[in-house]
Amino acid sequence: MNDDGIDEVRRLLVSKPRPTTLAERRQRLDEIGSAFGVAGDIRFEPTRIGGVEAEWSTTPGSDDSRVLVFFHGGGYASGSIHSHRGMAAEAGRAAGIRAVAVGYRLAPENPYPAALQDARAVYDALLASGLPATRIAIGGDSAGGNLSLALMLSLRDAGKPLPACAWLVSPWTDLQMTGGSLATKASVDPIISKTYLQELAASFLGDADAGSPLISPIHADLAGLPPLLVQVGSAETLLDDAIRIAARAASADVRVTLEVWPHMIHAWPLWSARVPAGRAALKSAGAFIRAHVSS
């Protein structure tokens, strides 16, 4: 048995197999994401920003003048503020700033581009409130990493100020599912399979084209984006999505840092309360954000 805590998470996942109905799947992710609780010194404040459900989190000593905007994972069909509350708050703690978790609309009830519209609404509202873009970091895991990239591309193309940096954990960057690790890592990934991703993509896309750069950023021209930190586990099927997006960013002269964490599974910082490598990844992300978000 490993002493890295990931075996406990694997046991948790096995104990709660993915059900068939959408409501049960959403409940399951809320349960496994929050299974180990949150620290008692975090203050949470529900709110709405730009008409979108959100939740502020602050930890002792955090700088309220700088903000991490966090987009949860869940394949655009599940996940919530509740499931990722600890991850968002602990990332904010590591960076020494406030975090705001965004409860964007989910598919299939709200297919593309609903999530992107909500992300834009939140970001635009923060700018309108007087918060400079240089004091904003964005980030997210899995679909939340996808949404972070789509938001930045949308802002760039509209001539809007970009955030200071972006933190992408296990990002899902290719909704056409062409990455080789979908096959080579299938036997070690306890969460994500190609078949499951295909189901999620069909739910999210509606009539949209999976090859669109705002849907599959792996096809986007990434020039002009702010510094990126890409973190991915070596034991996940989306390994190639992360490696390829980092390479495309580098080729477009974007400052990018790629971290591949040995033996880690999809979105492992979600369970940082039990996984030391999750805490270490959050610490690294916090240092990255502090280095780029102005004071």
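Trainee: Which element gives the most to the lining of the second largest cavity?
Mentor: That would be α5, with three residues. Keep in mind that this is a predicted model. Two elements give two or more residues to that lining, namely α4 (114-128) and α5 (143-157).

Trainee: Which residues line the second largest cavity?
Mentor: The lining is made of Tyr76, Tyr112, Ala115, Leu116, Asn146, Leu147, Ala150, Phe204 and Leu214. By class, eight of them are nonpolar and one is polar, with no charged residues.

Trainee: And what volume does the second largest cavity have?
Mentor: About 30 Å³.

Trainee: OK, how many cavities of 30 Å³ or more are there?
Mentor: Two. The largest cavity holds about 280 Å³ of space. It has 22 lining residues, and Leu29, Gly74, Ile191, Ile192 and His266 lie nearest its centre.

Trainee: How do the lining residues of the largest cavity divide into nonpolar, polar and charged?
Mentor: Eleven are nonpolar, seven are polar and four are charged.

Trainee: Let's move to the open spaces. What is the volume of the largest pocket?
Mentor: The largest pocket has a volume of about 340 Å³. It is lined by 24 residues, and those closest to its centre are Gly37, Gly86, Glu90, Ser272 and Ala273. The elements giving two or more residues to the lining are α2, α3 (85-95) and α9 (276-292).

Trainee: Which of those has the largest share of the lining?
Mentor: α3, which supplies six residues. By class, the pocket lining has twelve nonpolar, seven polar and five charged residues.

Trainee: Switching topic: which residues have the most contacts inside the largest nonpolar core?
Mentor: Val69, Trp167, Trp172 and Trp268, in a core of 100 residues. The largest share of this core comes from α5, which gives eight residues. As general background, nonpolar side chains in soluble globular proteins tend to be buried together.

Trainee: What does tryptophan 172 touch?
Mentor: Leaving out neighbours within four places in sequence, tryptophan 172 contacts Gly75, Tyr76, Ser142, Ala143, Asn146, Met177, Leu197, Leu200, Ala201, Leu238 and Asp241.

Trainee: Ser142 is in that list. Where is serine 142 found?
Mentor: Serine 142 is in the loop between β5 (136-141) and α5. Its phi is positive, about 55°, although serine 142 is not a glycine.

Trainee: Why does serine 142 count as buried?
Mentor: Because its relative accessibility is 7%, and the cut-off for buried is under 20%.

Trainee: Which way does histidine 263 go, buried or exposed?
Mentor: Histidine 263 counts as exposed because its relative accessibility is 53%. It also has a positive phi, near 70°, and is not a glycine. You'll find histidine 263 in the loop between β8 (256-261) and α9. For context, most residues other than glycine have a negative phi, and most peptide bonds are trans.

Trainee: Speaking of peptide bonds, what is the one joining alanine 107 and proline 108, cis or trans?
Mentor: It is cis, with omega at about 5°. The peptide bond from tyrosine 112 to proline 113 is cis too, with omega near 10°. Proline 108 lies in the loop between β4 (97-102) and α4, and proline 113 is also placed in the loop between β4 and α4.

Trainee: Now the strands. How do β1 and β2 run, parallel or antiparallel?
Mentor: β1 (43-49) and β2 (52-58) run antiparallel and are joined by seven bridges. They form a hairpin with two residues between them, and glycine 50 in the turn has a positive phi of about 60°. Threonine 47 stands opposite alanine 54 in β2.

Trainee: Last one: where is leucine 222?
Mentor: Leucine 222 is in the loop between α7 (194-205) and β7 (228-233). It counts as buried because its relative accessibility is 1%. Beyond residues up to four places away in sequence, leucine 222 touches Leu153, Arg156, Pro217, Ile245, Arg248, Ala249, Ala252 and Val254.

Technical notes:
Residues numbered from 1 in each chain as written. Predicted model: local features only at pLDDT ≥ 70, side-chain atom pairs only at ≥ 80, totals over all residues. Heavy atoms only, no water. Helix = DSSP H or I, 4+ residues; strand = E, 2+ residues; numbered from the N terminus. Buried < 20%, exposed > 50% of the residue type's maximum accessible area, 1.4 Å probe, protein only. Contact = heavy atoms within 4.5 Å. 1 Å grid on protein atoms, 1.4 Å probe; cavity = no way out; pocket = protein on both sides within 12 Å on 5 of 7 lines; lining within 4 Å. Points joined across faces, edges and corners; volume = space filled by probe spheres on them. Nonpolar A, V, L, I, M, F, W, Y, C, P; charged D, E, K, R; others polar. Pairing = 2+ DSSP bridges. Core = buried A, V, L, I, M, F, W, Y, C linked by side-chain atoms within 4.5 Å.
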